[in-house]
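Here is my note on the model. Please read it with the structure open.

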Amino acid sequence: MIARCTCGNVEVEAVGAPITSVACYCDDCQEGSRQIEALPGAGAVRDPDSGTSYTLYRKDRVRYSKGAELLKSLKIREKTDTNRVVATCCNSAMLMKFDDSKHWIPVYRSRFGGNAPPLEMRICTKFKTGSGALPTDVPSYPGFSLKFVGKLLGARIAMMFGR
């Protein structure tokens, strides 16, 4: 799968099946998305219902295939391990990476265009802002569900055994 910035100067390649695809409503995802949307020329990052959709891949299955020199990391707070990576050519939100030992990389789902894997769940919905009900197309969880944590753990185990 290839994730592209809006203008096409940056590409990120994700190999193999994703861990999962989620829409997150946590305070940090909402704030990070707002900050990126405020950049000059940036498009929408949040979904209409205030969630931010990601497709999570194992860290060992993601690589920068074009325009890596155009990527810039942004932090919503100085002392956070989370970096939101933006293509500076068009201020497209590309992915998140972490300074700690997390073994996954969330790629902004919209970067895959029409090839985006289907959304599997909504997480941290207790932080949802705005009016309107959550869509009912996939399961929603107020926090990090056991299903979500199980998928992350399964990916970590597969990495340990070289699968």
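1. Burial first. A residue is called buried under 20% relative accessible area, exposed over 50% and partly exposed in between, using a 1.4 Å probe and protein chains only. Helices (H or I, at least four residues) and strands (E, at least two) are DSSP runs, numbered from the N terminus. This is a predicted model: local features need pLDDT of at least 70, side-chain atom pairs count only at pLDDT 80 or more, and totals for chains, interfaces and linings use all residues. Residues are numbered from 1 along each chain as its sequence is written, and side-chain values use heavy atoms, with hydrogens and water left out.

2. Strand S3 is largely enclosed by the rest of the structure, because 5 of its 5 residues are buried. Side chains in a regular strand alternate between the two faces of the sheet. In S3 both faces are covered. Thr20, Val22 and Cys24 are buried on one side, Ser21 and Ala23 on the other.

3. What does S3 pair with? Two strands pair if DSSP finds at least two bridges between them. S3 and S4 run antiparallel, joined by 5 bridges. Val22 has Tyr54 of S4 as its bridge partner. S3 and S10 run parallel, with 3 bridges.

4. Now the core. A nonpolar core is a set of buried Ala, Val, Leu, Ile, Met, Phe, Trp, Tyr and Cys residues joined through side-chain atoms within 4.5 Å. The largest one has 21 residues. Cys24, Tyr54, Leu56, Tyr108, Ile123 and Phe148 have the most contacts inside it. Two or more residues each come from S3 (20-24), H1, S4 (52-58), S8, S9 (104-108), S10 (121-123) and H2 (146-160). Apart from this core lies another, of 16 residues, among them Ala3, Val62, Cys90 and Phe112.

5. Look at Ile123. Leaving aside neighbours within four places in sequence, Ile123 is in contact (heavy atoms within 4.5 Å) with Val22, Ala23, Cys24, Tyr25, Tyr141, Gly143, Phe144 and Phe148.

6. Strand S8 (residues 92-98) is mostly covered, with 6 of its 7 residues buried. S7 (residues 82-87) runs antiparallel to S8 over 6 bridges. Ala87 is bridged to Ser92 in S8. S7 and S8 form a hairpin with 4 residues between them, and Asn91 in the turn has a positive phi of about 55°.

7. A separate point on the open sheet. Its 3 strands come in the order S1-S2-S5, with antiparallel pairing. S1 (2-4) and S5 (62-66) stand at the edges with a single partner strand each, so one side of each has no neighbour in the sheet. S1 pairs with S2 (residues 11-14) over 3 bridges. Ala3 has Val12 of S2 as its bridge partner.

8. Which residue in helix H1 (residues 27-37) deserves a look? Take Gln30, found in that helix. Gln30 counts as buried, at 2% relative accessibility. The Gln30 side chain reaches the backbone oxygen of Tyr25 at 2.5 Å. Beyond four places in sequence, Gln30 touches Tyr25, Arg46, Ser50, Phe127, Lys128 and Thr129.

9. A disulfide is a pair of cysteine sulfur atoms within 2.5 Å. By this rule the count is 0 disulfides. Cys26 is buried at 15% relative accessible area, and Cys29 is buried at 5%.

Definitions and conventions:
A polar contact is a pair of N or O atoms within 3.5 Å; within protein, one must be able to donate a hydrogen and the other to accept it, and residues adjacent in sequence count only if both atoms are side-chain atoms.
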